[in-house]
Amino acid sequence: MPSPSWSAPVAHAPVDAVVPLPGSKSMTNRALILAALAGGPSHIVRPLRSRDTDLMAAALRALGVGVTDEGGDWRVRRSDLAGPAQVDVGLAGTVMRFLPPVAALASGEVAVDGDPRARERPMGPIITALRALGTTIDDGGRGALPFTVHGTGAVPGGPVTIDASGSSQLVSGLLLAAPRFEKGVEVRHEGPPVPSAPHLAMTVRMLRDAGATVETEPDLWRVAPGPLLGGDKVIEPDLSNSAQFLGAALVTGGRVTVPGWPSDTTQPGDALRGLLAAMGAEVSSGPDGLTVRGTGEFRGLSADLHEVGELTPVLTALAALAGSPSRLTGIAHLRGHETDRLAALVTEINGLGGDVRELPDGLEIRPAKLRGGVFHTYDDHRMVMAAAVLGLAVPGVEVENPGTVGKTLPDFTGLWASMLAPD
Ligand SMILES: O=C(O)C1=C[C@@H](OP(=O)(O)O)[C@@H](O)[C@H](O)C1
Ligand SMILES: C=C(OP(=O)(O)O)C(=O)O
């Protein structure tokens, strides 16, 4: 059910706020998978609680894994994975790509489906790869959701070649379950470049932290069969979800600090330090966290965002308010995200009077005077975040279905209001 629209608040003064952020979606959903496959119990500390992560927890429970809430943290207890089960992936890329390889390890049938748009997101390569690794999947010949995994309780594994140019998650999903495959896995990518390198590094690091043996070469990942360790898995704040808050400092000429910014991280959001600096922000870090200061004037951005595609919606909104043109490239794969993000950003920003043009692999954004109007969000959390950034400087931005932000940041409008009016 769509939520009532939200009038994005205008910033009448420079922001000056500390914004603590919930945990990383990407780390939380990897931690849940690794905990479900571990030999001993796990404690997931400060996980993100949102639609995407609750769906992952529910999917694992449906397979028999014990996932229990403890004051917002999760305790995970392994059990034999078994169907029959039905799994709802919602619109979560991490659930639709990370869960089927786990379902392949279950005995019994696991039916997997999601939101209407989930049926359009790239899945074919992972279905084909799982079949090549010894799993039976009935997808009615669609190469997409919905499908049924017919597990036997074991996956032979071994070498497989995949075109992961549509999504890095196609590789991550295979790697995360691979320690439990009889022969492990050797995934070779063939095709145009795989996006989102930091997310692949996150997969490798979290696997190694859980005791797996992983070797990598360019476009090749090898995971040895072996046990996974339980224990504590501490989740970092979601740095990608800091983009709109740090961006607010740039737009209003103010200052925003995000506490707990990790000094060594695989999260793609860490690239915001350089990207916002390139737009004119002063970026500093210290014991209080990462601080971004704006001067009121800021410039456009020319950047290849292939590795950090999920930052695009908010960076595009910032670019639409910047003093000079921007060119964001390397992001053709965003057409397969929650919505076709390139088309959605062009339509909605131009609908407010903006000047955004779609490129074969990105967006070109020129300065233009924006006006208020309805901003449609296409079930895409990051479209809500982008609209909020525009609304800081443009009166009358009415955001349709803001509740869709619950995919990764349920309290977004509350955090936004606190940022604009801190106690
Ligand atoms: O592995 C992950 O956690 C993610 C990988 C990326 O997917 P793509 O490689 O499909 O862009 C990213 O955009 C998504 O938000 C999260
Ligand atoms: C692309 C995104 O999500 P997903 O994990 O559903 O791919 C995103 O969060 O920007």
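These legends accompany several close-up views of a predicted model.

**View 1. The two domains of the protein chain.** Let's start with the overall layout. Domain 1 is built from two stretches, 6-23 and 237-420, while domain 2 covers 25-222. Taken over C-alpha atoms, the centres of domain 1 and domain 2 are 29 Å apart.

**View 2. Where domain 1 meets domain 2.** Here, 20 residues of domain 1 are in contact with 26 residues of domain 2. Look at the side of domain 1 that touches domain 2: its residues divide into ten polar, five nonpolar and five charged.

**View 3. The shell around ligand 1.** There are 13 residues around ligand 1, and S26, S167, S168, S196 and H199 come nearest. Two helices, α3 (93-103) and α5 (169-177), are the elements that give two or more residues to this shell. Sorted by class, the shell has eleven polar residues, one nonpolar and one charged. Both domains take part: domain 1 and domain 2 each supply at least three residues to the shell around ligand 1.

View 4. In the unreviewed UniProt entry, the annotation "active site" covers E310. E310 counts as buried because 26 other C-beta atoms lie within 10 Å, and 20 or more are enough for that label. Setting aside neighbours within four places in sequence, E310 is in contact with S240, P268 and R382.

Key
Residues numbered from 1 in each chain as written. Chains lettered and ligands numbered in written order. Predicted model: local features only at pLDDT ≥ 70, side-chain atom pairs only at ≥ 80, totals over all residues. UniProt positions renumbered as here; feature names shortened; annotations may be inferred. Buried ≥ 20, exposed ≤ 12 C-beta atoms within 10 Å, placed from the backbone. Contact = placed C-beta atoms within 7 Å. Domains from an automatic or database assignment. Nonpolar A, V, L, I, M, F, W, Y, C, P; charged D, E, K, R; others polar. Near = placed C-beta within 6 Å. Helix = DSSP H or I, 4+ residues; strand = E, 2+ residues; numbered from the N terminus.
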